[in-house]
Protein chains: 2
Amino acid sequence: MARQRIAIIGAGPSGIAALRAFESAERAGEEIPEVVAYEKQDDWGGQWNYDWRSGIDQYGEPVHSSMYRNLWSNGPKEALEFAEYTFDEHFGRPISSYPPREVLWDYIDGRVRTTNVKDKVRFSTAVRWVEHHEDRDIFTVTVEDLKNHRTTSSEFDRVIVATGHFSFPHVPEFQGIETFPGTLHHAHDFRGAEKLADQRVLLIGASYSAEDIGVQAFKMGARSVTMSYRSGPMGYDWPEGMEELPLLERFEGTTAHFSNGETREFDAVILCTGYLHKYPFLPSNLALQSGNNIYPAGLYRGVVWQGNPKVYYLGAQDQWFTFNMFDAQAWYVRDLIMGRAELPTAAERAEHLQDWHRRFQGVGGDADAVRFQAEYIRDLIEATDYPMFDLDEVVRIFLAWKDDKKKNILTYRDKPYRSVMTGSLAAEHHTTWLQELDDSLERYLST
Amino acid sequence: MARQRIAIIGAGPSGIAALRAFESAERAGEEIPEVVAYEKQDDWGGQWNYDWRSGIDQYGEPVHSSMYRNLWSNGPKEALEFAEYTFDEHFGRPISSYPPREVLWDYIDGRVRTTNVKDKVRFSTAVRWVEHHEDRDIFTVTVEDLKNHRTTSSEFDRVIVATGHFSFPHVPEFQGIETFPGTLHHAHDFRGAEKLADQRVLLIGASYSAEDIGVQAFKMGARSVTMSYRSGPMGYDWPEGMEELPLLERFEGTTAHFSNGETREFDAVILCTGYLHKYPFLPSNLALQSGNNIYPAGLYRGVVWQGNPKVYYLGAQDQWFTFNMFDAQAWYVRDLIMGRAELPTAAERAEHLQDWHRRFQGVGGDADAVRFQAEYIRDLIEATDYPMFDLDEVVRIFLAWKDDKKKNILTYRDKPYRSVMTGSLAAEHHTTWLQELDDSLERYLST
Ligand SMILES: Cc1cc2nc3c(=O)[nH]c(=O)nc-3n(C[C@H](O)[C@H](O)[C@H](O)COP(=O)(O)OP(=O)(O)OC[C@H]3O[C@@H](n4cnc5c(N)ncnc54)[C@H](O)[C@@H]3O)c2cc1C
Ligand SMILES: Cc1cc2nc3c(=O)[nH]c(=O)nc-3n(C[C@H](O)[C@H](O)[C@H](O)COP(=O)(O)OP(=O)(O)OC[C@H]3O[C@@H](n4cnc5c(N)ncnc54)[C@H](O)[C@@H]3O)c2cc1C
Ligand SMILES: NC(=O)c1ccc[n+]([C@@H]2O[C@H](COP(=O)([O-])OP(=O)(O)OC[C@H]3O[C@@H](n4cnc5c(N)ncnc54)[C@H](OP(=O)(O)O)[C@@H]3O)[C@@H](O)[C@H]2O)c1
Ligand SMILES: NC(=O)c1ccc[n+]([C@@H]2O[C@H](COP(=O)([O-])OP(=O)(O)OC[C@H]3O[C@@H](n4cnc5c(N)ncnc54)[C@H](OP(=O)(O)O)[C@@H]3O)[C@@H](O)[C@H]2O)c1
């Protein structure tokens, strides 16, 4: 049998995990398939590959990253650590639990920097269209080399979709919003809180983006920060100048009317209303359709597309766990592809899917969701040779983190956690998050 | 022979011109091909269909329109008037020469409002991929219905590309720009000048966007407006508070360094650096590659793709003339498709292309370019039954308009011109452009 050809779409943390999974089998002496990863940006790292542009990038493609200059990890790094490449190994000394974006990019990059996997990535290359040919059970992947505008098509036996799902903003309509004359955009296009200094800022949404852009705006001297929720308030003990209000009902110029009858005047509005799962390069029978949740329908074990089990998705879930979950998924998908793990029949998969979907529907509240995701990961790791780690302890870290945030939303990032991989305790950082105005790697690593 | 099937991609002014061209043949009793237009927005009008969103739209697609609330025609309407549907006919009375966006949308829409052509448009439907099958000389057009996420493919004999070329911003790199902390985006994402009140604004570029966003910002009370040119200054007699500087060399935080050694501090930067010709739904052998110029290479008579003469482009040129030029192109393409005009051989087309390309290269300066485009249109109209109009007089209108701008960049929009179609003189508007703060159709038509 000819060597299989595998296309990976996207080289963010998930796509890199897939590359790493194959490389690790190769290092163990196995013959691996021919792997080609397509990445539309000039470098890898996905969301962590910061772009000062917003909207459209230098190639005319939608800007991928939603991250901003001031972004720091919003969960302890001990919850996302790779089981087979630790922070201690990368940095050679303990660092704090909540590093800024550039530091985490360095860590992701560091794991694969010295391997040959970068050669397998076709950078600045956007996947335009994927087609499955029933007759030969093969995929044609059509891509555009963005630097020279050439399109080409190649055939693959399997396709791994690793394009993320926090890049296409969900931008709902609000009555009268077209009359708002101030700064107005989605969190996806937010690049830094400095421009909000002295402004009256409205953030619509009540999740991580609203919370973090809120505290960033506060940190940078916004005159006021109002957060508007639909389902319920975040309920943190906000500092003076920050408040939560129920849903925004309509705008009249600079005036916003809320559902409790209150009104406020604003200079800037940022829609923190989440993202769309969107795969514009896939025909609808291969494209996942899902909201942002921890068990998207139609994915066996969260990764195998039930409609065509030669299509895989990585990182398609809402994310408590991130990097190590992507690893667990990638190792399992690799083993399916290489025949090291067996794919159950369609009927068995459907049953398994139903079973987990039922469990998912029983999940009540965040603590439960974290445990659910931990069990999901355990199930994957058990099927592979990825190093098992203490998932229960990570669950405890997540719960303590939530507690820290409840106690003080402005200081939770200053607390150190202990690595479940190495047992070593994180460093206390030289500067508290609230006082630190320089988010660079250089500054972070300075002592 | 079976009835031909024609796909039109895009229902902006150019796509509507194509629909109208076929409808006009049908009204004259001819049997027309089966025509399907795909339009990714919920309504037609292209650039003139304003979207308050920037970056990404409600379906996760790149926002198409680059227009802003405050946008008014920047050339006299007498230069763009349809030869077969006049402003007098539409509005029933003279209006001024420079109407705001909503008024022009109404005019475009009005021509086809009472026809059946809207039924031929599949709205909220994005073209994803076009493929030409050599063996059967047929095109497969794959589209996504954005409301229900369904992709479908259909076969067509010919494809008309009418997707415009002012929607994918050209966003070049500038040294240090990632350190600029203020408002920063491309003109494509500009939605209104009100937010620039009291700000020190830098516009990079020296063409229509820089000029008009500049005067809009001035009108709305910007503290200062600086425009930075690469090739040469616009050279208008700017009011106090507006200035032109040579090319921006680098940013250091809020400080911009210019190539003449000067520096300035800014609160907001808007890149008015033009747009990319981009056709992400086309394989590279069908995709036009061009800068923004009045005679893009590879298009016979500016419309027939030399690489495959069953592919047509409308409105692919830089635009002095707009609506009536799109009409002339659409009528000619219709006649080619319906066999009413004869397509020369590939060799003859190549020769014609070379000939016009040589003429194009001889064009020196704006007045020459306007004349060139007028001759180009004359050549097209002569080949069709589109009503010929006094192109020489329109050239004179353009030259007078340029003169008006030289005289006073803040008042040129107050001057009335005479229609070459009806001979009637435009109205003097009830309010001067500089004093008018309401850009709505309702206000415009109020007396
Ligand atoms: C604002 C924000 C902050 C976050 N902060 C944290 C945090 O603090 N901690 C944490 O653990 N997680 C965080 N996340 C979660 C983040 O999603 C994950 O950490 C991680 O980046 C997901 O990896 P991924 O590879 O699945 O997707 P992505 O990182 O999104 O990478 C997808 C890659 O696919 C490429 N791609 C997309 N389409 C195409 C195409 N058509 N052709 C070719 N390539 C394509 C993209 O360019 C990109 O490189 C954050 C997310 C957001 C949006
Ligand atoms: C800021 C700005 C101001 C302007 N002001 C003036 C002015 O004052 N006067 C003037 O005469 N001209 C002006 N123009 C020029 C303008 O380009 C033309 O007036 C006209 O809109 C061009 O028509 P079009 O149909 O060729 O392209 P567009 O108007 O761009 O329309 C293209 C259409 O194609 C659709 N489309 C794109 N991709 C897809 C896809 N993949 N699938 C389905 N549909 C798709 C879009 O949604 C859009 O509706 C301005 C342009 C800009 C950018
Ligand atoms: N490192 C960091 O500091 C950081 C910062 C930002 C984001 N992130 C990450 O980015 C990812 C995305 O987070 P996110 O907050 O952008 O998205 P999200 O978690 O999906 O939350 C979307 C929010 O938008 C609200 N919403 C949606 N439609 C709405 C409507 N029509 N009206 C009002 N509210 C509406 C939702 O309310 P309902 O609850 O009512 O549905 C929800 O609160 C997460 O993984 C997060 O961890 C990290
Ligand atoms: N109705 C209105 O009021 C209105 C308003 C805005 C726009 N428009 C229309 O919109 C269309 C587009 O106009 P536009 O001005 O956006 O684009 P444009 O006419 O293509 O001009 C692009 C400008 O960007 C400059 N530029 C490109 N790359 C640069 C770089 N790296 N550094 C510095 N400058 C750079 C160009 O300079 P060089 O000359 O050196 O190449 C040029 O000045 C036109 O049809 C126009 O009529 C109309």
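Helix axes here are lines fitted to C-alpha atoms over the stretch in contact, and angles run from 0 to 180 degrees between N-to-C directions. Helices are DSSP runs of H or I of at least four residues, strands are E runs of at least two, and both are numbered from the N terminus.

This is a predicted model, in which local features need pLDDT of at least 70 and side-chain atom pairs count only at pLDDT 80 or more, while totals for chains, interfaces and linings use all residues. Residues are numbered from 1 along each chain as its sequence is written, chains are lettered from A and ligands numbered from 1 in the order in which they are written, and side-chain values use heavy atoms, with hydrogens and water left out.

1. **α1 and α3, chain A.** Helix α1 (residues 13-27) of chain A packs against helix α3 (residues 101-113) of chain A at about 20°, with the axes 11 Å apart. That angle makes α1(A) roughly parallel to α3(A). Angles under 35 degrees count as roughly parallel, over 145 as roughly antiparallel, 65 to 115 as roughly perpendicular and the rest as oblique. The crossing of α1(A) and α3(A) is left-handed. A crossing has that hand if the near helix is turned anticlockwise from the far one by less than a right angle, and is right-handed if clockwise. From α1(A), the contact uses A:Pro13, A:Ile16, A:Ala17 and A:Arg20; from α3(A), it uses A:Ile108, A:Arg111 and A:Val112. Contact means heavy atoms within 4.5 Å. By class, the α1(A)–α3(A) contact residues are 5 nonpolar, no polar and 2 charged. Ala, Val, Leu, Ile, Met, Phe, Trp, Tyr, Cys and Pro count as nonpolar, Asp, Glu, Lys and Arg as charged, and the others, Gly among them, as polar.

2. **α1 and α5, chain B.** Helix α1 (residues 13-27) of chain B crosses helix α5 (residues 323-337) of chain B at roughly 50°, and the axes come within 8 Å. α1(B) and α5(B) are therefore oblique to each other. Their crossing is right-handed. The contact includes B:Ala17, B:Ala21 and B:Phe22 of α1(B), and B:Phe326, B:Ala330 and B:Trp331 of α5(B). The classes for the α1(B)–α5(B) contact are 11 nonpolar, 2 polar and 3 charged residues.

3. **α6 and α7, chain B.** The axes of helix α6 (residues 346-361) and helix α7 (residues 366-382) of chain B come within 11 Å and cross at roughly 155°. That makes α6(B) roughly antiparallel to α7(B). The crossing is right-handed. B:His352, B:Trp356, B:Arg359 and B:Phe360 of α6(B) meet B:Phe372, B:Glu375, B:Tyr376 and B:Asp379 of α7(B). The α6(B)–α7(B) contact has 4 nonpolar, 1 polar and 3 charged residues.

4. **Parallel sheet, chain B.** Five strands form an open sheet in the order β9-β16-β10-β11-β12 (chain B), with parallel pairing. β9 (183-186) and β12 (242-245) of chain B are at the edges with a single partner strand each, so one side of each has no neighbour in the sheet. The twist averages 15° from one strand to the next. Strand β11 (residues 224-228) of chain B pairs with β12(B) in the parallel sense over 4 bridges. Two strands pair if DSSP finds at least two bridges between them. B:Val225 has B:Met242 of β12(B) as its bridge partner. Helix α4 (residues 208-219) of chain B lies across β10 (200-204), β11, β12 and β16 (268-271) of chain B, and runs at about 170° to β11(B).

5. **Antiparallel sheet, chain A.** The order is β4-β5-β6 (chain A) in an open sheet of 3 strands, with antiparallel pairing. Twist averages 20° from one strand to the next. β4(A) and strand β5 (residues 138-145) of chain A share 8 bridges in the antiparallel sense. A:Val130 has A:Val141 of β5(A) as its bridge partner.

6. **Backbone check.** A:Asp198 is not a glycine, yet has a positive phi of about 65°. A:Asp198 sits in the loop between β9 (183-186) and β10 (200-204) of chain A. B:Asp198 also has a positive phi of about 65°, and lies in the loop between β9 and β10 of chain B.

7. **Chain interface.** The contact takes 45 residues from chain B and 45 residues from chain A. Together the chains bury about 3600 Å², 54% of it on carbon and sulfur atoms. Buried area is the accessible area (1.4 Å probe) that two parts lose on being put together, summed over both. In chain B, B:Trp52, B:Ile56 and B:Trp129 lose the most area to chain A, together 18% of what that side buries.
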